[in-house]
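Hi there,

Here is the structure I promised to pass on to you. My notes follow below it.

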Amino acid sequence: MSIDSRQVAAGLLEAVPFARTLGIEFVEVAPEADGGVRAVVRLPDAPEHHNHVGGPHAGAMFTLGETASGAVVLAAFTPVLDRAVPLAVTAEIAYKKVAMGPVLATARLGRPVADVLAELDAGRRPEFPVVVEIGTEDGTVTSLLTVVWTLRPNR
């Protein structure tokens with residue numbers, strides 16, 4: 001699988017202006033050895049992102065993680081976006097500790113691309129998780145997010 005990370009970043013930032021508003025940066029969107037996809041995005045440290053304890057606001061952290069998950073979905077399923085629309089179905093986040101400074105979100109597809117596409121090809125509406133670790137630049141995990149996505153077939 002070949003991934004044009006610049007195209008994924010541009011497409012996502014065009015479709016989701018709020019990610020642009022927060023200044024989210026795309027560090028990497030790449031295939032993984034197991035056939036999956038990984039995306040890493042970054043929220044710069046900025047006073048307008050802070051909460052009452054000086055770290056990034058929970059909403060900014062959620063948006064960062066959801067943006068990373070969306071990048072994975074776009075990268076993995078671009079070939080079928082002419083016949084299906086990706087939609088987030090559910091999301092669950094656990095805030096483990098306060099993050100300080102810039103924050104990274106690393107998202108990974110939770111099911112093989114081929115399995116999801118087989119369901120879509122069979123006329124079903126597949127669901128699949130994207131698991132996201134959010135943490136500081138030194139690697140300390142501060143939040144965990146799982147977004148369940150679907151590909152809704154165009155009718």
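**Strands and their partners**

Alanine 94 has leucine 144 of β6 as its bridge partner. This is a predicted model, in which local features need pLDDT of at least 70 and side-chain atom pairs count only at pLDDT 80 or more, while totals for chains, interfaces and linings use all residues. Residues are numbered from 1 along each chain as its sequence is written, and side-chain values use heavy atoms, with hydrogens and water left out.

Strands β3 (residues 84–95) and β6 (residues 141–153) are antiparallel and share 11 bridges. Strands here are DSSP runs of E of at least two residues, helices are runs of H or I of at least four, both numbered from the N terminus, and two strands pair if DSSP finds at least two bridges between them. Strand β5 (residues 127–136) also runs antiparallel to β6, through 9 bridges, with proline 129 opposite valine 148.

In α3, 15 of the 20 residues are buried (under 20% relative accessible area, 1.4 Å probe, protein chains only). Valine 130 touches (heavy atoms within 4.5 Å) residues including Val72, Val73, Leu145 and Trp149.

Enjoy the model!

Definitions and conventions
Buried < 20%, exposed > 50% of the residue type's maximum accessible area, 1.4 Å probe, protein only. Lists of a residue's contacts leave out its neighbours within four places in sequence.
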